[in-house]
Amino acid sequence: MGGDPAGDINHDQHDFALWEKRVDALMVLASSAGLMNTDSLRRVLEDMGEEAYETMTYYERWIASVSQNMVEAGAFSTAELAEKMAQVKTRGATYGDAT
Amino acid sequence: MKVRVHNHWPPGHIRTPSYLRGKIGEIEREIGLFNNPEQNAYRLLPQKRHLVRVRFTMEEIWGDAAETPDDVIEAEIYAHWLEPA
Amino acid sequence: MPHDNHDHGALSPSGHPYRKDDDNELNYWQMMEIAVRELLIEKGHITAAQVHNQINAMDARSPANGAKVVAHAWSDPEFKSALLADAGQASRDMGFDIGPMHLIAIENTESVHNIVVCTLCSCYPRNLLGLPPDWYKSRAYRSRIVIEPRKVLSEFGVEIAQDVQIRVHDSTADMRYIILPAQPAQTMSLSEDELAYWVTRDSMIGVGLPQAPK
């Protein structure tokens, strides 16, 4: 990464959405609960590869990493996650409806 | 004390940046013992490893491409990635 | 502080554009966040109150905290020494709850200008300064600051003289860094509270300099 060719630095700054703050909180709390740690967060992020960087935002990558970490830790199964996500989807069309 | 970063290129989770591998620097300060991130990342019970801050000149890292040869980079490197130089 | 603007298409209370939020179509990753959070709560690993409190705790952390630490260091030489020796403890002594964060303060002087980066990810002293700016997490900053720091600084509007050495600190492991900027000459007569006002977030990362009254 360091020294790789790169273009202009974008100075735009946006406020964080509620769901992003929640992702951040989940990472901290899951780590405190012993289910993951900063290194395992980073390892999963790195293993996602370049494409994830191109196609996903920062906190999208983070929730993907937290989620995989939780499955690895045995906190819940992939099947449970799938079922829950399907249920969430039925609650409404917007984040506000579903949360 | 002069140290060289191992010119090793293993797969997996590493906290030694690529741009510093094989480079020679000076120890700036010892920081203490911390959980080995290479184990922690895989949820293995980590061993404690010595962490060291190492100072490298831009010239050492980038050679002729250095913007200002005497500017420096300081990074935290785990001692098991260092050898005497 | 700008007034709250009730038109959600415009600006948030802090003056920044809103991110896509509650009114937008629920996407896959948002569904995942809700699902992960609810599962962790149902399984008893975390509680909803903890999520709420953690968000509030992070919201309360901002560059203003760092500015107070810097202003105190400028006003109190003993504190400055303590800060440079153990910035984590010094911050806690000032009453800031930085959790388990390991913090190192690095001083700018007449002959050295310091800059912080995390080339490997986006490590930042968040438990003191709050969440990092988007540009700090960008690949462009992380890759360019270690090879052309002076050029990047000039894009941030900062010119560093050739006889001043630049030190770029790559927070590769467990340490987090805060730069202690040099106190501007024009601020020497100000009180500590007044001083804090002039310390910018960017000056504590090293891509800016503290402001000063004209």
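Visitor: Hi! Leaving aside neighbours within four places in sequence, which residues is B:I73 in contact with?

Guide: Hello! B:I73 is in contact with B:F56, B:M58, B:I61, C:V146, C:V168 and C:D170. Contact here is a matter of two C-beta atoms, placed from the backbone, lying within 7 Å. This is a predicted model, where local features need pLDDT of at least 70, side-chain atom pairs count only at pLDDT 80 or more, and totals for chains, interfaces and linings use all residues. Residues are numbered from 1 along each chain as its sequence is written, while chains are lettered from A and ligands numbered from 1 in the order in which they are written.

Visitor: Thanks. Which residues touch the most other members of the largest nonpolar core?

Guide: B:I73 is one of them, together with C:V70, C:V117 and C:I178, in a core of 62 residues. Helix α3 of chain C (residues 63-75) supplies the largest share of this core, 6 residues. A nonpolar core is a set of buried Ala, Val, Leu, Ile, Met, Phe, Trp, Tyr and Cys residues joined through C-beta atoms within 7 Å. Buried means that 20 or more other C-beta atoms lie within 10 Å of a residue's own, exposed means 12 or fewer, and partly exposed is in between, with C-beta atoms placed from the backbone. Another core, of 33 residues, lies apart from it, and includes A:L29, A:V44, A:Y59 and C:A35.

Visitor: In which sense do β1 and β4 of chain C pair?

Guide: Parallel, over 6 bridges, with β1 spanning residues 102-107. Pairing asks for at least two DSSP bridges between the strands. C:A105 stands opposite C:I178 in β4(C).

Visitor: Switching to interfaces, how many residues of chain C are in contact with chain A?

Guide: 53 residues of chain C, meeting 50 residues of chain A. α1(C) gives the most to the chain C side, with 12 residues. That side divides into 25 nonpolar, 11 polar and 17 charged residues. Ala, Val, Leu, Ile, Met, Phe, Trp, Tyr, Cys and Pro count as nonpolar, Asp, Glu, Lys and Arg as charged, and the others, Gly among them, as polar.

Visitor: And how is chain B laid out, from the N terminus on?

Guide: Its elements run β-β-α-β-α-β-β, giving 2 helices and 5 strands. The C-alpha atoms of chain B fill a box of roughly 40 × 25 × 20 Å along the principal axes. Buried residues are 38% of the 85 residues in chain B.

Visitor: Last one: where in chain C does pLDDT stay under 50?

Guide: Over residues 1-13, for which the model has 11 contacts beyond four places in sequence. pLDDT is the predictor's confidence in each residue, from 0 to 100. Where pLDDT is low, the predicted coordinates should not be read in detail. Chain C has a mean pLDDT of 91, with 89% of its residues at 70 or more. For the complex, the predictor gives an ipTM of 0.97 and a pTM of 0.92.

How values were computed
Helix = DSSP H or I, 4+ residues; strand = E, 2+ residues; numbered from the N terminus.
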